[in-house]
Amino acid sequence: MSRSTPSGPSQRMLRVGEQVRHALSETLQRGEIIDPVIENAVVSVSEVRMSPDLKIATAFVSPLGAGDTGAVVEALNRHAKFIRGRVSGALRQMKYMPEFRFRLDTSFDNFARINQLLKSPEVARDLGPDDQNKNNGKDEE
């Protein structure tokens, strides 16, 4: 049986997390959750991380078209047991149905911030003509 190493999740955790992500995305697309906060937003599930015992699924979501993203995440957490029941049909092969926890996915914000920093004048100045000459010299060798 595979175990989680300090460097990251096991193959089984990754595979089950991807299956849960697909099932969760399909459930959210169908619009079965009756909540005005969730109904007015399109929720994208970017990643699901499973606990080593596969009993807890942490879903990272990005609410699109919602003014208050925190309210959408709170609403999803309120309806986690209902969502768990709806997803259970697609995950029949699992011995235990995982408990869902929803978190806001901030990775896209981090990417945008890093991209903005890389395009800033200070970084462009540091990557001036000297760096370009060094690269040209390596290409010629």
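**Entry 1: the start of α3.** I began at the N-terminal end of α3, which Asp68 caps. A side-chain oxygen of Asp68 lies 3.4 Å from the backbone nitrogen of Gly70. A reminder to myself: this is a predicted model.

**Entry 2: the faces of α3.** Which residues of α3 are buried? I found Val72, Val73, Ala75 and Leu76. Looking down the axis of α3, I see these buried residues within an arc of 160°, so they line one face of the helix.

Next I asked what covers the buried residues of α3. The cover includes the helices α1, α2 (36-39) and α4, together with the strands β1, β2 and β3. I also checked how α3 sits on the strands: it lies across β1, β2 and β3 and runs at about 180° to β3.

**Entry 3: the sheet.** In what order do the strands come? I read β1-β2-β3, three strands in an open sheet with mixed pairing. β1 and β3 are the edge strands, as each pairs on one side only. On average, neighbouring strands of this sheet are turned by 30° against each other, with direction ignored. α1 packs on the sheet as well, touching β1, β2 and β3, and its direction makes about 160° with that of β1.

I then looked at one pair of strands. β2 and β3 run parallel and are joined by six bridges. One bridge I traced by residue: Ala57 has Phe100 in β3 as its partner.

**Entry 4: the core.** The largest nonpolar core has 29 residues. Which of them touch the most other members? My list reads Val20, Leu24, Met50, Leu76, Ile83, Phe100 and Phe102. The elements that give two or more residues to this core are α1 (11-30), β1 (42-50), β2 (56-64), α3 (69-78), α4 (80-87) and β3 (99-104). α1 gives the most, with six residues.

Neighbours within four places in sequence aside, Leu24 is in contact with Val45, Ala59, Ile83, Val87, Phe100 and Phe102.

**Entry 5: Leu54.** I stopped at Leu54 for its backbone: phi is positive, about 60°, although Leu54 is not a glycine. Where is Leu54 placed? I found Leu54 in the loop between β1 and β2. Is Leu54 buried or exposed? Its relative accessible area is 8%, under the 20% cut-off, so Leu54 counts as buried.

**Entry 6: Glu99.** My last stop was Glu99, in strand β3. With a relative accessible area of 37%, Glu99 is partly exposed. Its side chain makes a polar contact of 3.4 Å with the side chain of Arg101. Leaving aside neighbours within four places in sequence, I listed Lys55, Ile56, Ala57 and Arg84 as the contacts of Glu99. I also checked Lys81, which is 18 residues from Glu99 along the chain: the C-alpha atoms of the two are separated by 7.7 Å.

Key
Residues numbered from 1 in each chain as written. Predicted model: local features only at pLDDT ≥ 70, side-chain atom pairs only at ≥ 80, totals over all residues. Heavy atoms only, no water. Core = buried A, V, L, I, M, F, W, Y, C linked by side-chain atoms within 4.5 Å. Buried < 20%, exposed > 50% of the residue type's maximum accessible area, 1.4 Å probe, protein only. Helix = DSSP H or I, 4+ residues; strand = E, 2+ residues; numbered from the N terminus. Contact = heavy atoms within 4.5 Å. Arc of directions from axis to C-beta. Polar contact = N/O pair within 3.5 Å; in protein donor to acceptor, adjacent residues only side chain to side chain. Pairing = 2+ DSSP bridges. Axes fitted to C-alpha atoms, helices over the stretch in contact; angles between N-to-C directions.
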